[in-house]
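Here is my note on this one, as a set of numbered points.

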Amino acid sequence: MEKDTQYSEFEEKTVAVNRCAKVVKGGRRFSLSALVVVGNRNGKIGVGIGKAKESAEAVRKASDSARRSLVEISLNNGTIPHEVMVKFGATKMLLMPAAPGTGVIASAAARAVLELAGVHNILTKTYGSSNPHTVVRACIQGLAIQKSKRQFAALRGEA
């Protein structure tokens, strides 16, 4: 039970559920895969994929996987510290900080990641593939490589 209390602060959002059919002698056998994003709306985010014969079980597996893959991100007053262009697979994603009141301008898959990460104002543009799996991974990768002014100063050796 302590595992549940450790992760109770996290919210989860199912981004995509995909049905796959395997044709066998007796007919079709269906299996499902689910893509789930988990976050605490305060700088921690994770993504997971689960596969099963039933949707509820696939979502549960994906949620467990997402909780194991949490990453910490840098936020600056509800937006990201700087602009970044990131590539994951066939997806290229541009993430730009935005002024307060702008909101989250993003596709459905990227919006799930950004809202659960705690980003309130951001502009995004996706080039190439719009597959939810690669868009979510690209978005998390882009958020993970963000560095604050303090982190850049530390890299330069300034106080």
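1. Start with Phe-10, which counts as buried at 9% relative accessibility (buried means under 20% relative accessible area, exposed over 50%, partly exposed in between, using a 1.4 Å probe and protein chains only). You'll find Phe-10 in the loop between helix 1 (2-6) and strand 1 (11-24). Helices (H or I, at least four residues) and strands (E, at least two) are DSSP runs, numbered from the N terminus. If neighbours within four places in sequence are set aside, Phe-10 is in contact with Val-38, Gly-39, Asn-40, Lys-44, Arg-67 and Leu-70; contact means heavy atoms within 4.5 Å.

2. A word on what you're looking at. This is a predicted model, in which local features need pLDDT of at least 70 and side-chain atom pairs count only at pLDDT 80 or more, while totals for chains, interfaces and linings use all residues. Residues are numbered from 1 along each chain as its sequence is written, and side-chain values use heavy atoms, with hydrogens and water left out.

3. Next, strand 2 and strand 3. Strand 2 (residues 27-39) holds Ser-33, and strand 2 pairs with strand 3 (residues 44-52) in the antiparallel sense over eight bridges; two strands pair if DSSP finds at least two bridges between them. Ala-34 has Gly-50 in strand 3 as its bridge partner. The hairpin of these two strands has four residues between the strands, and Arg-41 takes a positive phi near 60° there. On to strand 4 (residues 71-72): two bridges join it to strand 3, and the two run antiparallel, with Ile-45 opposite Val-71.

4. Is Ser-33 buried or exposed? Ser-33 has a relative accessible area of 13%, so it is buried. Apart from neighbours within four places in sequence, its contacts are Ala-16, Val-17, Asn-18, Gly-50 and Lys-51.

5. Four strands lie in the order 5-6-8-7, with mixed pairing. Strand 5 (84-88) and strand 7 (104-105) are the edge strands, each pairing on one side only. Strand 5 pairs with strand 6 in the antiparallel sense over five bridges, and Met-85 stands opposite Leu-94 in strand 6. Those two strands form a hairpin with two residues between them, where Gly-89 in the turn has a positive phi of about 60°. Strand 7 and strand 8 (residues 122-128) run parallel, joined by two bridges, and Val-104 stands opposite Ile-122.

6. Have a look at helix 3 (residues 108-117) and helix 4 (residues 132-144), too. Their axes come within 8 Å and cross at roughly 35° (axes are lines fitted to C-alpha atoms, for helices over the stretch in contact, and angles run from 0 to 180 degrees between N-to-C directions). Helix 3 brings Ala-109, Ala-110, Val-113, Leu-114 and Ala-117 to the contact, and helix 4 brings Pro-132, Val-135, Val-136, Cys-139, Ile-140 and Leu-143. Helix 3 is mostly covered, with seven of its ten residues buried; Ala-112 and Leu-116 are among them. Just after helix 3, Gly-118 takes a positive phi of about 100°.

7. What about the cores? A nonpolar core is a set of buried Ala, Val, Leu, Ile, Met, Phe, Trp, Tyr and Cys residues joined through side-chain atoms within 4.5 Å. The largest has 27 residues, and those with the most contacts inside it are Ile-45, Met-93, Val-113, Leu-114, Val-136, Cys-139 and Leu-143. Strand 2, strand 3, strand 5, strand 6 (91-97), helix 3 and helix 4 each give two or more residues to this core. A second, separate core of eight residues includes Phe-10, Ala-34, Val-38 and Ala-52, which brings us back to point 1. The C-alpha atoms of Phe-10 and Val-136, 126 residues apart along the chain, are separated by 17 Å.
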